Amino acid sequence: MLTPEAAMSLAIEQADAVKGATYPNPPCGAVILDADGRVAGVGATEPVGGAHAEVRALRRAGQRAAGGTAVVTLEPCNHHGRTPPCVDALLAAGVATVIYAVRDPNPVAAGGADRLAAAGIAVHTGVGADAVTAGPLREWLHKQRTGCPHVTWKYATSIDGRSAAADGSSQWITGEAARADLHVRRAAAEAIVVGTGTVFVDDPTLTARRPDGTLADRQPLRVVVGHREVSSDARVLNDDSRTMVIRTHDPAEVMGALADRTDVMLEGGPTLAGAFLRAGLVHRILAYVAPILLGGPITAVDDVGVSAITGALRWRYDGVHRIDPDLLVSLVPSGTR
């Protein structure tokens with residue numbers, strides 16, 4: 001038997017597993033508990049056009065869903081898009097209770113909770129809301145609020161803030177575990193943005209790979225920003241994934257070109273990072289910090305528009321995790337939830 005909190009944790013795991021595969025739909029997870037509180041079915045959102053998380057979990061639960069509880073990360077949808085409303089499936093299955101973490105902010109899809117309650121189903125919200133908001137639905141909720149892609153600036157640095165040694169060498173600042181974690185995050189992202197300088201210096205492939213070096217099933221769009229021509233034999237132009245080249249240095253123009261995306265990862269060098277920070281277009285920082293000292297002039301970021309300490313860009317810690325032997329530090333702008 002599972003408590004609602006434990007069932008929500010399982011639903012979050014389901015949602016995390018499909019991040020990057022559901023675009024433009026949100027990555028959601030669902031757990032169906034039978035009338036005795038035992039797991040009867042679990043599910044996650046399929047790629048666009050496929051079933052939503054509740055429907056997949058109900059299919060697996062079958063008749064055991066009757067009189068049971070549906071635990072979902074997002075309020076069940078109440079509109080007919082590419083698929084019928086999830087509310088219809090929950091009503092047809094005869095569940096007695098629905099627990100969801102976050103209300104759907106999309107006015108087109110919202111209203112599911114009210115309709116379920118009107119049909120006599122017990123509805124509870126807020127269970128696991130913080131974990132869902134900061135986890136699988138972070139980027140999608142940002143897109144719903146702002147209409148713009150969510151940008152995560154990722155970088156690797158020494159403990160003294162250097163992204164490379166004085167001679168320019170940077171492979172590898174962090175250990176294998178940190179690099180493996182990054183590849184998981186790349187596979188969940190919809191686009192990776194770098195500048196032409198990074199392409200010329202590092203010749204990256206910008207792909208998501210498994211620990212054995214093979215390509216992951218999901219690959220992000222690779223985006224190269226800048227005015228310089230990229231050599232036709234650059235690895236970023238190979239057939240491992242799609243690539244977009246944007247002839248601009250303006251972060252706003254980059255975001256305009258990626259307006260239909262939700263989850264964007266910024267992996268460029270210090271100049272590009274500084275430009276996005278000055279423009280206020282970084283919504284999360286993921287810093288992989290290695291316990292090494294490098295010194296020298298190559299820092300993780302250049303000018304961010306701060307001339308005095310009173311003008312510092314203020315961030316708050318969103319999480320700190322040990323990825324042996326390194327640390328992964330997550331930050332969000334001060335004042336955000």
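I began at Ala273, which I found in helix α10, a run covering residues 270-278. The model I am reading is a predicted one.

The entry is unreviewed, and under "binding site" it lists Ala273 along with Ala156, Trp172, Thr198, Asp202, Gly269, Pro270, Thr271, Leu272, Gly274 and Ala275. I asked myself how far apart the farthest two C-alpha atoms of these positions are. The answer is 25.0 Å, and the positions span 120 residues in sequence, so they do not all gather at one spot.

Next I looked at Trp172 from that list. I located Trp172 in the loop between β6 (150-158) and α7 (176-188). The peptide bond joining Gln171 to Trp172 is cis, with omega at about 0°.

Pro325 sits in the loop that runs between β12 (315-323) and β13 (326-333).

I also checked phi at Asp203. The value is near 45°, which is positive although the residue is not glycine. Asp203 belongs to the loop between α8 (196-202) and β8 (221-225).

The protein is split into domain 1, residues 4-140, and domain 2, residues 149-333. Nine residues of domain 1 and 12 residues of domain 2 take part in the contact. Taken over C-alpha atoms, the two domain centres are 33 Å apart.

I looked up how much area is buried between domain 1 and domain 2. It is about 950 Å², and carbon and sulfur atoms give 49% of it.

Arg138 makes a salt bridge with Asp318, and the closest N and O atoms are 2.6 Å apart. Across the interface of domain 1 and domain 2 I count one salt bridge. I also have four residue pairs in polar contact across this interface. On the side of domain 1 that touches domain 2, helix α6 (residues 138-146) gives the most, with three residues. By class, that side of domain 1 has five nonpolar, one polar and three charged residues.

Key: Residues numbered from 1 in each chain as written. Predicted model: local features only at pLDDT ≥ 70, side-chain atom pairs only at ≥ 80, totals over all residues. Heavy atoms only, no water. Domains from an automatic or database assignment. Contact = heavy atoms within 4.5 Å. Buried area = accessible area lost by both parts, 1.4 Å probe. Salt bridge = Lys/Arg side-chain N within 4 Å of Asp/Glu carboxyl O. Polar contact = N/O pair within 3.5 Å; in protein donor to acceptor, adjacent residues only side chain to side chain. Helix = DSSP H or I, 4+ residues; strand = E, 2+ residues; numbered from the N terminus. Nonpolar A, V, L, I, M, F, W, Y, C, P; charged D, E, K, R; others polar. UniProt positions renumbered as here; feature names shortened; annotations may be inferred.
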